[in-house]
Amino acid sequence: MKVALFITCLVDQLYPEVGVNTLRLLQRLGCEVTFPKSQVCCGQPAFNSGYVDDARKVAKNNLKAFDGADYVVSPSGSCTGMVHHYYEELFADSPRLAADAKSLKTRTFELSQFIVNVLKTNDVGAVFPHSVVYHPSCHGSRLLGVKDEPLQLLSKVRELKLRPLTNSQDCCGFGGTFAVKLSEVSGAMVTEKVNNIAATEAEYLVGTDMGCLMNIAGSMRRRGMQTGVLHLSQLLNRTEASDRKQGYNA
Amino acid sequence: MNHPSTERVSATEPSPFATKQLGDKIENPLTQKSLKHRADDALRDEYLRAAVAFTTDRLRGRKADSTELLGEWEEWRDRGSAIRSHTIAHLDYYLREFSDRAADKGATVYFAADAAEAQSIVLEIAHKKEARIVAKSKSMVSEEVHINHVLEDEGITSVETDLGEWIVQLAHETPSHIIIPAIHKNRFQIQQLFEAEGGETLSSETSVLAGYARRRLRETFLKAEIGITGCNFAIAETGSVVLFCNEGNARMVSTLPKTHIVMMGMERILPAWDDLEVMANLLPRSATGQKITVYMTALTGPKKKAELDGPEELHIVILDNGRSGALADPEFREVLNCIRCGACLNVCPVYRQVGGHAYGSVYPGPIGAVLTPILQQGLKAAGELSYASSLCGACFEACPVKIPLHDMLVHLRRKYVENGFEPPIEKAAFKAFGTIFSNRTAYEAAGKAGRWLQLNVLGKDTDRSAQASPLMKVAERIEPLAGWTAHRALPETAQRSFREIWPELLDHNSASQSPELDDSYGA
């Protein structure tokens, strides 16, 4: 199966290792992976802030970058959600681009969604002998509707102990420019999220979006917490038992 | 008379609501302080935050239990949404049907274009009846037109008889939740308010406090010449008004005083009684997790000959106040589907932290952040509310009639930018974003420059202690970075971007050979 990586600007610039793990995971599952180099960003930062024209410019480049790809897979539910939920609306004025947007939507998947629903597997042979909490990111779970898939994958990881997280469905407070526009409210939200994570005493936090994980990890590090933070692709690539600490140390 | 929805108001002018209806008596909180200031004020109120988190947690749990018991909740939502959308699409037809039928049954029906018109209609009735005391049950529309202040200006005592509303009235505050107006108060604060009101010593026990309120409010029910209620649903086919209530006060207010005034938004209509069944299942479950409301009162016209209960006169005031503007705009029309259950408030992570007053509008929470800018188009302070959200979508998921509140928030932000309300520096920043992030070459250069800057000039933002470089310490004091670093460390800077590593990754096509897979990061 041919897959084009939609790496997202955040992973490209700040978390390249998440991109590497996404690549290796897909390769391990038998995919032939390419990286269309003209891709940059889905345009969401501008779109969610009300700058539609600037967002359209960025999205148009993204639309072109994945023209002709069979499957487009991304390690972000948020960026995938942008393509799924808003691209058609964004290009409503141009029938040709709107058709392209519609086509891209049918070909674009978030990583866990792709593995479970397209590759039709939920056991990727991972082993992770640690206690873990999972934060369901809002855009992935609500905008895109990917709720079960990450949990299905985690349930098949050997030796993994998944701990329940109080009010797990509550937003971590990231919200793109929200985190700087209403920084104190955002800070209060991430503080409550981190309090709930700390109460589980889990060794690791895992999630499907680096925006949220950057926010939560930043707060945990500020508080001096030792909880490891992992993108789902990093956790699923652990194929042999190891006590080695990995991830973005909080 | 100016119509608030069509009147464009410049950013510096106070809201038309403030000047026209409130006089100099009360300030409009929406224009007094910025959203950020109001939110920051609320964050410092630990009592409020604890009370809101406690109550919304309880309501979330109850809602989950009651909807699970009912089963097929998503199908109920679909039906609710379909009924409301159909009604709103044909609102002109159903409004006429409702008003004709209500008039046939002996009610007097008024259409008020805006708050000022609604106020003068109510005042005229009050003067005609020589009313001295008005008993009110909970009504968001009456809050929207500030009817209590208007009546009091005329020397008429208006008493809120819903327990929460009464508490808020005694505290000289406004409701901070659509369903639970005093959600931000604890019982000790309520004890103080009641003791000050009656000059009696009470305890903080809820049964004692409720008993006191019951005794005092009964005096009002018996003395009031006029009762004012809201309207949960108006049934077009029979011209009936339906009230949902848990304390029984709405029934008292609508039957004991000789004159009953109903104040309703023009979108409160349901075509038929069959539709009410769906709403009667959706509303209490979404609002408080109750299977059914304690009292459901249906009123069709005033008291008839030989009937014992009910008012001699029934007046129904139907308010527009910006709603026609929403109706005419397909992008925002669905906001009129709202049945005022407050479910979106209970799940909103922003509301949870700041409570209702931080919104500065009559309607708080996600529905307020959407409805207020729609009803008060062109008012910058109203439009700003669309930014009081992290766009997490919990509101849409909770909405029993499936209003896409999260999409509307984004669309309202677009309008805010189109109105030129954003600062020029932000506009310039997004223009730069548009240019750089739509072009691979520009983006790669900017990425390299950014990484070089952080690695070689600013240095690490470690734990905000002495280890951070002096330059980083300066940078951390400048917005927008300051907002981020007040609560969070910055992410570690990657040495190379993914696209820079990519050619090497192709050379090592198996997992074990890739050095980057070893993702154990030091603290």
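Eight salt bridges (a side-chain nitrogen of Lys or Arg within 4 Å of a carboxyl oxygen of Asp or Glu) are counted between chain A and chain B of this predicted model. One of them joins the side chains of Asp170(A) and Arg352(B), at 4.0 Å from N to O. Local features require pLDDT of at least 70 and side-chain atom pairs pLDDT 80 or more, whereas totals for chains, interfaces and linings use all residues. Residues are numbered from 1 along each chain as its sequence is written, chains are lettered from A in the order in which they are written, and side-chain values use heavy atoms, without hydrogens and water.

The contact (heavy atoms within 4.5 Å) involves 79 residues of chain A and 84 residues of chain B. Between them the two chains bury about 7000 Å², of which 56% lies on carbon and sulfur atoms; buried area is the accessible area (1.4 Å probe) lost on putting two parts together, summed over both. Tyr51(A), Arg221(A) and Arg222(A) provide 12% of the area that chain A buries against chain B, more than any other three residues.

The side of chain A that touches chain B divides by class as follows.

| Class | Members | Count on chain A side |
|---|---|---|
| Nonpolar | Ala, Val, Leu, Ile, Met, Phe, Trp, Tyr, Cys, Pro | 33 residues |
| Polar | the others, Gly among them | 29 residues |
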